Amino acid sequence: MTTVPHRKIPDDPDFVPNDGREDLNPKDVHFWTLVAEDYRTHGSDFFSQGFWALFWHRFGNWRMGVKPWFLRAPFSLFYKVMFKLTEILCGISIPYTVRVGRRVTLEHFGGMVLVAHTIGNDVIVRQNTTFGIVGLDDLSGRPIIGNNVELGASVVILGRIRIGDGAKVGAGAVVVRDVPSGVVVGGVPARVLKYTPSKS
């Protein structure tokens, strides 16, 4: 796989970090419609930890639309408590500053630290997955996960990189470089194992 030069803000505006001051929920759907969609995506299982982790993530973003700030304050306090409980009880940490698309599935709960920049639509994330920075020299350098991406268990994706649409990342892979669309990668560090061109 070709080495990708280290990106710097503002050279790539796609990686400018979310400042936590806005509602990052998808704009094309109402909050409760989005929650219902997440519920169906998780097999309509009321006890799905993945569903509840996403619910509190969506709630954390929804409350950012409550104005003025003093009306938002009690919702913010409630969100912070539920975010911490979700980390403890579900083993899933997904801050509201992560932009999450629609029909995202958090399967096989536990050990998920999902500090990405963006997670696209129709993504499947499995247990013990980590998204985050690669080093202290780039604290805002978080990955962008494209649409229709499938991630195996114990995947680690680090730094200011992009996982292309339709890519599959094998279990236990450590990804520190961009992954092209429509490929299968695996290994430590991850490398392309198979090309799966999209059907036209």
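The legends below describe close-up views of a predicted model.

**View 1. His 117 in its loop.** His 117 lies in the loop that connects strand E4 (112-114) with strand E5 (118-119). Its relative accessibility is 5%, so His 117 counts as buried, the cut-off being under 20%. The side chain of His 117 makes a polar contact of 2.8 Å with the side chain of Thr 118.

**View 2. The open sheet.** Four strands, in the order E2-E5-E8-E11, make up an open sheet with parallel pairing. Strand E2 (99-100) and strand E11 (162-163) are the edge strands, each pairing on one side only. E2 and E5 run parallel and are joined by two bridges. Val 100 is placed opposite Ile 119 in E5.

**View 3. Helix H2 and its cover.** Helix H2 (residues 49-62) has 14 residues. From first C-alpha to last, H2 reaches 20 Å, close to the 20 Å expected at 1.5 Å a residue. H2 is mostly covered, with eleven of its 14 residues buried. Among them are Phe 51, Leu 54, Phe 55, Trp 56 and Phe 59, and the buried residues also include His 57, Arg 58 and Asn 61. The cover over the buried residues of H2 includes helix H1 (31-41) and helix H3 (69-90), together with strand E1 (92-93), E2 and strand E3 (105-106).

Key:
Residues are numbered from 1 along each chain as its sequence is written. This is a predicted model: local features need pLDDT of at least 70, side-chain atom pairs count only at pLDDT 80 or more; totals for chains, interfaces and linings use all residues. Side-chain values use heavy atoms; hydrogens and water are left out. Buried means under 20% relative accessible area, exposed over 50%, partly exposed in between (1.4 Å probe, protein chains only). A polar contact is a pair of N or O atoms within 3.5 Å; within protein, one must be able to donate a hydrogen and the other to accept it, and residues adjacent in sequence count only if both atoms are side-chain atoms. Two strands pair if DSSP finds at least two bridges between them. The expected span of a helix is 1.5 Å times one less than its number of residues. Contact means heavy atoms within 4.5 Å.
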